[in-house]
Amino acid sequence: MSTPRQPSGGGADGRRPVKGAAPRPAAPRGQSAGRAPSPKAQSPKQQNPRAQSPRPQGSKAQPAKPAPAKGQGARGQAPREQSDRPRPPRAPQQRRPDGRLPAPRPRPQRRPPARRPASRGIRLADPRRRLRVITIVLSVVFSIFAGRLVQLQLLDSDALAADANTNRYLNIPITAERGSITSSDGVALAATVDAYDITADPAMFTPEATGLPDAPEQAAALLAPILGLPKEKIAADLHTPKTRYKRLAAQQTPDVKNQISDLKSGLEKQAGSRACQAQKRLLNKPAEEGGRTRLDNECVNPLAGVFNRDTQKRVYPSDGLAANLVGFVNAEGEGAGGLEQQYQKLLAGKDGHSSYAQAGGRLVPTAGGSLEPAVPGTDLRLTINRDIQWAAQRAITDQVSNAGAEKGYVIVQDTRNGQVLAMATSPGFNPNDLSTAKNSQLGNPALQDAYEPGSTAKLMTMAAVLDTGKAAWDTKVTVPYPLVRGDVAFKDDIEHDTWYLTLAGVLAKSSNIGTILAAQTLGATQPEANQVLHDYLRRFGIGQQTGLGFPGETAGLLDKPEDWKASKQYTIPFGQGLSVNALQATSVFSTIANGGVRVAPSVVQGTTAPDGKYSAAPASEQSRVVSEQTAKTLTEMLESVVSDEQGTGGKAAIPGYRVAGKTGTANRVDPNGGGYRGYTASFIGFAPADQPRVTVSCVIQDPVNGHFGGQLCGPVFKQVMEFTLKTLQVPPSGSEAPNLPVEWKP
């Protein structure tokens, strides 16, 4: 009879029992094999059926194997999970007839079971594969970083550095100190003093920087009353994009600078109060924690981005003295008129600049920077004598007012070297306060006005006649009234019977008719006479610049002789039909006073460089116009104008000095509509006539109270000439005037 098959895995040690072998009792859980269980610790359900089977007879008892350690199964394997359900008992083996148990079958050789893991957790991936993935990812990341680094350091480095410097560094111009303009004795007529430019950084007025949507408008409202500028203009400047520097107002006084500094300090203290600091801390909190999006107005200083920069301001210590010659500067500090404009480049010097890093409007001293110092301008020393300038300006101002004239000017010139000692204009202006001046007052009419000289031009006609030998001072001239030439009847300034005058008398009595007759002797025909006279006029400098190079200077007007048509060829000899400026007319008389040699006028004596080195101006050009004898004869003829009872210049006489001069009364060209309207009154002369030193000219335009040159300008000439001779300490004349005869009897 066959033995029933045992269930698999029935042994406690995990091994299948040998068929026919006696069952071995299993040790209870937690108890080692070979140790008898306690009756209390073992229940019938927990007993191993093998323990109940009798040991087969004749078989040797198998030694008990030690139980595996706790937590281990047989052969070091983990024990299988035990079930609470008891195993069914095995069927008893059948005995042989002889009463013995059958011999056990040979136990088949079993392969050792496969080694199982210690636990049933998740098995990890291959670490080498994970390492390869990480390496690839890091390589890609570092490659991106390396590429970006190459782009920043090599490809875009210049552009990025420029952008960084633009945002970080402020470039502040340094204005060069403007050179001064002084009189001949070194006293300043125009100087430079410390001033302040009020500037701003527009980037500090943005809503992001201030927390205010209208910071520029708030700042403009505070600055406008101090700077005297419209707040709309200031706000527009503060809104300027893409710049870190904006000049709000130039060349402000220390008082303006201090007002802004005090206001700014007060606002900074208010913004730094405890309450405002608490608001600033609250501003940094998120909105869900009660944070704010902006500060209150009282906790923001809208002037934080406003600064002041040291600069210079042009001042004129003598106010309006020689202002029309010296000129003025504009709001930018650049010459805008007169010598300030003419010598702008020389006076201005070379501006420098300063570059420094800033953060929040404050200097970062460790961030470096650059500095290019400014080069000061060159000082200009004029030929103007301050005292003589003052006397001339006072005299012409008074007479223009008395005559009710539009304007007038006086020029004083040294006859020996052509230097201008004074150039006065009325009405003038104060360059320290241009707001009170009219546009018509800002120029220099002594150089910019072109006017018909009238009878003072007769000196040039007489010079041509004498120098060509066509006549002498005592040549007899019959002067009818009137004189008809072509379709025009020419007259003198007063109606008279026929005059019998010498050539000296024609000049002394300022006869237009006598001058026309004298000029006709210059050529066999009228065109030839016109050409000769034209040449002499050019030699005297008519129709060309004086050589000063003054801005807006007029060259006057002198047509070519072939264009002297109709009456012009007869009016030009007595000073109508051509135009001059006052300095040209003055230079004509200085030429005669200098023995017939013309010296180009000059107003600059020399310059002083920034290193203190003084350089004298080059000597003026000289040219001979008439012979020395002609000049001497003309001087004596001019003395008759002043000293003779019939002369027109008696009011210009100066006791103790021989005076040579000529009056002028000309119809004035209407500058608005053409034609003639009003008069130009003038007197030009020099003294002492025996040893000429100084020439003085006076011109008054459009007078109302009188119009004769001797009447209006004679007294001005006398006043200025007397003062000049005393200032220069010129000794009186040592002889009497020759008093050349002016008439002859038929």
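Is arginine 247 buried, partly exposed or exposed, and at what relative accessibility? Arginine 247 counts as partly exposed, because its relative accessibility is 29%, a value that falls between the limits of 20% for buried and 50% for exposed. The structure that holds this residue is a predicted model. The protein has 746 residues, and buried residues make up 42% of them. The points below treat the overall fold, the nonpolar regions, the salt bridges and the backbone in turn.

**Overall fold**

- The secondary structure of the protein comprises 21 helices and 24 strands.
- Among contacts in the protein with a separation of 6 or more, 72% are between residues 24 or more positions apart.
- The protein has an accessible surface of about 40100 Å², and carbon and sulfur atoms contribute 51% of that surface.

**Nonpolar cores**

- The largest nonpolar core contains 87 residues, and Leu382, Leu503 and Leu537 have the most contacts inside it.
- Neighbours within four places in sequence aside, leucine 382 is in contact with Ile181, Thr182, Ser183, Ser184, Leu189, Val326, Leu339, Val603, Val604 and Gln605.
- Another core, of 32 residues, lies apart from the largest one; Val410, Tyr657, Phe683 and Ile700 are among its members.

**Nonpolar surface patch**

- A nonpolar patch on the surface is formed by Val133, Ile134, Ile136, Val137, Leu138, Val140, Val141, Phe142, Ile144 and Phe145.
- Together the residues of this patch have about 950 Å² of accessible area.
- Phenylalanine 145, one of the patch residues, lies in helix 2, which spans residues 127-155.
- Phenylalanine 145 counts as exposed because its relative accessibility is 54%, above the limit of 50%.

**Salt bridges**

- Side chains of opposite charge can pair when their charged atoms come close.
- In this protein the count comes to 17 salt bridges.
- One of them joins glutamate 340 and arginine 178, whose closest N and O atoms are 3.0 Å apart.
- This pair links distant parts of the chain, 162 residues apart: glutamate 340 is in helix 10 (residues 338-342), and arginine 178 is in the loop between strand 1 (169-174) and strand 2 (181-182).
- Both glutamate 340 and arginine 178 are buried.
- A second pair consists of arginine 386 and aspartate 185, with 3.9 Å between the closest N and O atoms.
- Here too distant parts of the chain are linked, 201 residues apart: arginine 386 belongs to helix 12 (residues 386-403), and aspartate 185 to the loop between strand 2 and strand 3 (188-200).
- Arginine 386 is partly exposed, with a relative accessible area of 28%, and aspartate 185 is also partly exposed, with a value of 48%.

- Arginine 247 meets glutamate 332 in a salt bridge, with an N to O distance of 2.3 Å.
- Glutamate 332 lies in the loop between strand 6 (328-329) and strand 7 (335-337), and arginine 247 lies in strand 4 (residues 246-252), so the pair ties together parts that are 85 residues apart in sequence.
- Glutamate 332 is partly exposed, with a relative accessible area of 48%.
- Both residues belong to a network of salt bridges that links Asp197, Arg247, Arg309 and Glu332.

**Cis peptide bonds**

- Serine 426 and proline 427 are joined by a cis peptide bond, with omega about 0 degrees.
- Proline 427 is placed in the loop between strand 13 (420-426) and helix 13 (445-448).
- The bond from alanine 687 to proline 688 is likewise cis, and its omega is near -20 degrees.
- Proline 688 is placed in the loop between strand 23 (676-687) and strand 24 (694-701).

**Positive phi outside glycine**

- Lysine 242 is a residue other than glycine with a positive phi, near 55 degrees.
- Lysine 242 occupies the loop between helix 6 (231-238) and strand 4, and lysine 242 is exposed, with a relative accessible area of 89%.
- Aspartate 702, which is not a glycine, has a positive phi of about 55 degrees.
- Aspartate 702 is found in the loop between strand 24 and helix 21 (709-727).
- Aspartate 702 counts as buried because its relative accessibility is 17%, under the limit of 20%.

Notes: Residues are numbered from 1 along each chain as its sequence is written. This is a predicted model: local features need pLDDT of at least 70, side-chain atom pairs count only at pLDDT 80 or more; totals for chains, interfaces and linings use all residues. Side-chain values use heavy atoms; hydrogens and water are left out. A nonpolar core is a set of buried Ala, Val, Leu, Ile, Met, Phe, Trp, Tyr and Cys residues joined through side-chain atoms within 4.5 Å. Buried means under 20% relative accessible area, exposed over 50%, partly exposed in between (1.4 Å probe, protein chains only). Contact means heavy atoms within 4.5 Å. Patches are made of residues with over 30% relative accessible area and no salt bridge: like charges are joined within 9 Å, nonpolar side chains (Val, Leu, Ile, Met, Phe, Trp, Tyr) within 5 Å. Accessible areas come from the Shrake-Rupley method with a 1.4 Å probe; for residues, only the protein chains shown count as cover. A salt bridge is a side-chain nitrogen of Lys or Arg within 4 Å of a carboxyl oxygen of Asp or Glu. Helices (H or I, at least four residues) and strands (E, at least two) are DSSP runs, numbered from the N terminus.
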